[in-house]
Amino acid sequence: MWATLDFEASGLSDQSYPIEVGYSLPDGTGHSLLINPLTASDVWQHWDDHAEQEIHQISRQELHHNGMQVVEVCQHLNAILGQYEQVFCDSQWDLFWLGRLYHAAHMRPSFTLTEVGLWLLQENGIARAHFQQTMAALGPAKHRAESDAKQIRKAIRQLME
C-alpha cells in the first residue's frame, strides 16, 4: 500500500519553502492543505512573484488567512501518511520541502518519502524518463498539490500494469 505526495512552494531556490501540500491515497481520495508561512519557527520570507502568477496562483494573503499552522500540517501528514509502506513524490524538490516543513515544526515525519523515479528504476527497472513520459501523456500538471499527487498516482499505476 502506497500514497503519493506533492508540494507547491514559494519558489525554486534553496530559500523557498512549502506553501501547499497534497496527497493521494490508495483508494483514489486525496486532500490538500495550505501552509501559513508565518507559523514556521524558521524565517520563511522568500517569495517568487513569477511562481505565484504563472504556476500555483496562491497568494501570500491566501496563505496568511487560510493556511494551517506548520505544526498542524505535520501532525495531519503523520496521522494520514504514517500508515503507508511507501509515500512517493516526483521531484527531489519535494524531499527538500518536506525537510524544511518538518524542521520548521521541530518534528519528524512518521513516513518515508521516496522520489518515484529512483524507486521505479531500483525496484522495477523502469527508467525515470519513462515515468516522465507517462506523466506528460496524462496532460499538463495543474500545479496544485492534491491534483498533482493524483496525477503521480495515475502515472505509477499505468507503469505498474
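Reader: Which residues does leucine 101 touch, if those up to four places away in sequence are not counted?

Author: In this predicted model, leucine 101 touches Phe7, Pro18, Ile35, Trp44, Val70, Val73, Cys74 and Leu77, once residues up to four places away in sequence are set aside. As a general idea, nonpolar side chains in soluble globular proteins tend to be buried together. Here the largest nonpolar core has 33 residues, and Leu101 is named with Leu77 and Leu81 as having the most contacts inside it.

Reader: Which strands and helices each supply at least two residues of this core?

Author: Strand E1 (2-9), strand E2 (18-24), strand E3 (30-34), strand E4 (86-89) and the helices H3 and H4 each supply at least two, and H4 gives the most, with six residues. A second, separate core of 11 residues also exists, and Phe131, Ile152, Ile156 and Leu159 are among its members.

Reader: How should I read the packing of H3 and H4, and at roughly what angle do their axes cross?

Author: The axes of H3 (residues 70-81) and H4 (residues 92-105) come within 8 Å and cross at roughly 115 degrees, and the crossing of H3 past H4 is left-handed. On the H3 side the contact is made by Val70, Val71, Val73, Cys74, Leu77 and Asn78, which meet Leu101, Tyr102, Ala104 and Ala105 in H4. Sorted by class, this contact of H3 with H4 has nine nonpolar residues, one polar residue and no charged residues.

Reader: Turning to the strands, why is E1 described as largely enclosed by the rest of the structure?

Author: The general idea is that side chains in a regular strand alternate between the two faces of the sheet. In this case, seven of the eight residues of E1 are buried, so the strand is largely enclosed by the rest of the structure. E1 pairs with E4 in the parallel sense over three bridges, with alanine 3 standing opposite valine 87 in E4. With E2, E1 pairs in the antiparallel sense over six bridges, and glutamate 8 has glutamate 20 in E2 as its bridge partner.

Reader: Is alanine 145 buried or exposed, and which residues is it in contact with beyond its neighbours within four places in sequence?

Author: Alanine 145, which is found in helix H7 (residues 145-160), has a relative accessible area of 0% and is therefore buried. Leaving aside neighbours within four places in sequence, alanine 145 is in contact with Asp6, Glu8, Glu20, Val21 and Gly22. The C-alpha atoms of alanine 145 and valine 21 are separated by 5.4 Å, although these residues lie 124 residues apart along the chain.

Key
Residues numbered from 1 in each chain as written. Predicted model: local features only at pLDDT ≥ 70, side-chain atom pairs only at ≥ 80, totals over all residues. Heavy atoms only, no water. Axes fitted to C-alpha atoms, helices over the stretch in contact; angles between N-to-C directions. Helix = DSSP H or I, 4+ residues; strand = E, 2+ residues; numbered from the N terminus. Left-handed = near helix turned anticlockwise from the far one by under 90°. Contact = heavy atoms within 4.5 Å. Nonpolar A, V, L, I, M, F, W, Y, C, P; charged D, E, K, R; others polar. Core = buried A, V, L, I, M, F, W, Y, C linked by side-chain atoms within 4.5 Å. Buried < 20%, exposed > 50% of the residue type's maximum accessible area, 1.4 Å probe, protein only. Pairing = 2+ DSSP bridges.
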